[in-house]
Amino acid sequence: METTEQTHYFVPSPSRWPLVGSAALFCLGLGAALTVNSLGVGKVLLALGFAILLWMLFGWFGDVIRESLNGAYHGKEDMSFRWGMGWFIFSEVMFFAAFFGALFYVRTISVPELGDMAHKLLYPDFTAAWPLSTGPGITQHYEAVAAWGLPAINTLLLLTSGATVTWAHWGLIQGKRKQLAAGLALTVLLGASFLTLQFVEYHHAFTELNLTLAAGAYGMTFFMLTGFHGLHVLLGTIILFVVLLRVLRGHFDEHNHFAFEAAAWYWHFVDVVWLLLFVFVYWL
Amino acid sequence: MATVTDTQHAPHSHGKPSGLSRWLTATNHKDIGTLYLWFSFAMFLSGGVMALCIRAELFHPGLQFFQPELFNQFTTLHGLIMVFGAIMPAFTGLANWLLPLMIGAPDMAFARMNNWSFWLLPPAALLLLASFAVPGGAAAAGWTLYAPLSTQMGMGMDMTIFAIHIMGISSIMGSINIIVTILNLRAPGMTLMKMPMFAWATLITAYLIIAVMPVLAGAVTMVLTDRHFGTHFFNAAGGGDPILYQHVFWFFGHPEVYIMALPAFGIISHVIPTFARKPLFGYTSMVYATSSIGILSFMVWAHHMFATGMPATAQLFFMYATMLIAVPTGVKVFNWIATMWEGSMTFETPMLFAIGFIMLFTIGGLSGVTLSVAAVDIALHASYYVVAHFHYVLVAGALFSLFAAIYYWFPKMTGKMYNERLGKVHFWWSLIWFNVTFFPMHFLGLAGMPRRIPDYALQFTTFNEIASVGAFFFGLGQLIFLYNMLVSIRRGEPAPQKPWEGADTLEWQIPTPAPYHSFAEAPELEVAENGAIRAMKGGKHH
Ligand code: HEM
Ligand SMILES: [Cu+2]
């Protein structure tokens, strides 16, 4: 693990996976553009894109795992991975920042302004009130999602999962493989339960609260923020699940387990975003 | 451990792969850098053709060649392609080529991901260009894609949105690579406060890209959901606000202009000392100036929005913050001039472009400070004055610095010398016609001619004619550059290891052309400020 003495750095040999990944994203991009314009071929392209992307992910990560098992990576490569993951998470933070920015803007500026005296002439019937009256052109009657039901349980689930993944980490560092596997399995389970409850919550919102993306400023920020977060939970759960499978195959040891830590960092990031969501979307 | 590594390296050390797959599956930073540079040049030409279409239409008042719809598409795609297809990839390509050579790294930190960063660009460019052919044509909302224009147009807009997503992924991955390479792969002795300014500039640029490209992704995602999924982010009916789009966009957009300027500053900080044969004046202050721009550039975005009816306090804040950011830029210009002071200067092509850069970028900077005065901007906003301003910083800034860089490092990259005469002709040609094209636009703007418009009032005719003539000659001149490159790569004079007397950074300590795998083993270095090499031990190539 000494980084200072290492004079070699692993440079992978040529690989076709990036090109395959580009083909996948091209299909996904074009397919999505066609699909949102209700053109049938779009769906085909989307499916094709996803298939190619999966193929690429399996192939590329397969290569990386093989290289790791063959001992190609040492302290310096490990450090690169850590920096890389850190900056990737930073980019994700900024992506969420854009939507949080939109939330704060509509809550503190645009919705109150649309209901103020200066706008009475334009919208005489509109009284701004968060979360139930958030747009002068919105006729849809909806109810807001209560914070202290499912969302509170979900908060508990995610916080617990943060603890279980740390417990798994301790197991890994102390060479207790059983604790490692159990901790990871618990974390994956908690993630899956979170997703299930979120699904139930969305169903409830659609069918009983009449809340949709089109329900004005509240509905759109609610679904966009919780939706993108949910996608990240899904991704994090899949990553943790893959790490669990690798653990069961005997990968990783006390020193060499970047993939595990990356998954854990990602999980904590998803956790923190949720706390912000709980406070600013559900609660306040 | 070392033995394991050696067997790992075995397939890799067999020299260059050949044929098409060398480029398609490349993991070599030099190959990927070359791909980036040629791609960006191709984009520069296609964006340039659109610019010439614009100028052709504007040669005379009235509509001659294009309907307004198509004109707007040209304007939009010209901007998008120049920004995301030409300038940004060109800088990433240079960073790819040069960073490992300048800091003594074997390659970029993530060589495979590096390939992906590049190969995402052609599909994105294809999406953009193909959008001209779909019903409704390409996006026509301006490169800023302001709502509510962007929430209304046809599927060309959707293709643009997804192209931006893909280009964003590309540049974020490219930036992660740059940052990690600089932070983790510097050779022993190459400390942060000694490393080349180009490395500092790309480091801060990469950080800016990672911070703001996701925000742009968020902005266009909201446009997409407003268009197709019933949200009202930018629509007052649902509690949203078109102005919200401008805030989110310019939170990305202003750092974006520094993303296109900082690498240029880095390049100039090497070219000027080399040809003045003096170390860079005020290296440490350059580092701090660059870093402070990395912070300040997040606090000025609303200077693009003075005309939206912001509260006066906000206008004042953004006005003074913007003026503040001129200080670190002024520090840089001062340092470059101080570097030249009493230097023994020669004026090879890179130096000419560097000096041209300093003079014209300063003009662009001054018109920028003028625009930062909120009261003045109310009148000049969205006029040709703004077009003049940003082309002084983008064409005479970013683009000229790129030309300086290409001429400067051409010998190291290709092993050949470029044709100096043609280089000089290219410079003077570009300098003259650039000014003929863009200087009159100041007058047009001050006289009230709006930008993004295919037709104009008769009194603007003369200056528009001058600008159009200048643009066509400027465009023609770029073929001199292309010709020079193509011929010199094949038949140029062989270049020595260090063709420039005053060059002292690491890339000049290794053979020319740079070996395919340079610094396969990290060298041990003794380094002075700005990456100047005092002594080097070890550092194998093959
Ligand atoms: C061959 C040299 C170039 C010429 C003759 C040229 C000309 C023009 C013209 C005529 C416009 C339209 C102004 C309007 O109608 O509002 C324009 C817009 C623009 N140009 Fe260039 N340009 C050149 C190079 C570049 C380069 C290298 C960049 C680099 C980034 C660039 C960036 C832009 C941008 C961002 C816009 C704004 C597009 C918009 O209004 O949405 N241009 N250019
Ligand atoms: Cu700005």
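**Exercise 1.** How much area is buried between chain A and chain B, and what share of it do carbon and sulfur atoms give?

*Solution.* The model is predicted, so local features need pLDDT of at least 70 and side-chain atom pairs count only at pLDDT 80 or more, while totals for chains, interfaces and linings use all residues. Residues are numbered from 1 along each chain as its sequence is written, chains are lettered from A and ligands numbered from 1 in the order in which they are written, and side-chain values use heavy atoms, with hydrogens and water left out.

Buried area is the accessible area (1.4 Å probe) that two parts lose on being put together, summed over both; for chain A and chain B this comes to about 5900 Å², with carbon and sulfur atoms giving 74%. The contact (heavy atoms within 4.5 Å) involves 68 residues from chain A and 70 residues from chain B.

**Exercise 2.** Identify the salt bridge across this interface.

*Solution.* By the rule (a side-chain nitrogen of Lys or Arg within 4 Å of a carboxyl oxygen of Asp or Glu), 1 salt bridge is found between chain A and chain B. Its partners are Glu67(A) and Arg112(B), whose closest N and O atoms are 2.9 Å apart.

**Exercise 3.** Describe the protein donors of the copper ion (ligand 2).

*Solution.* Taking donors as N, O and S atoms within 2.8 Å of the metal (3.2 Å for Na, K and Ca), with water not among the atoms, so that sites may look incomplete, one finds His254(B) through ND1 and both His303(B) and His304(B) through NE2, at 1.8 to 2.0 Å from the ion. Their spacing in sequence is H-x48-H-H.
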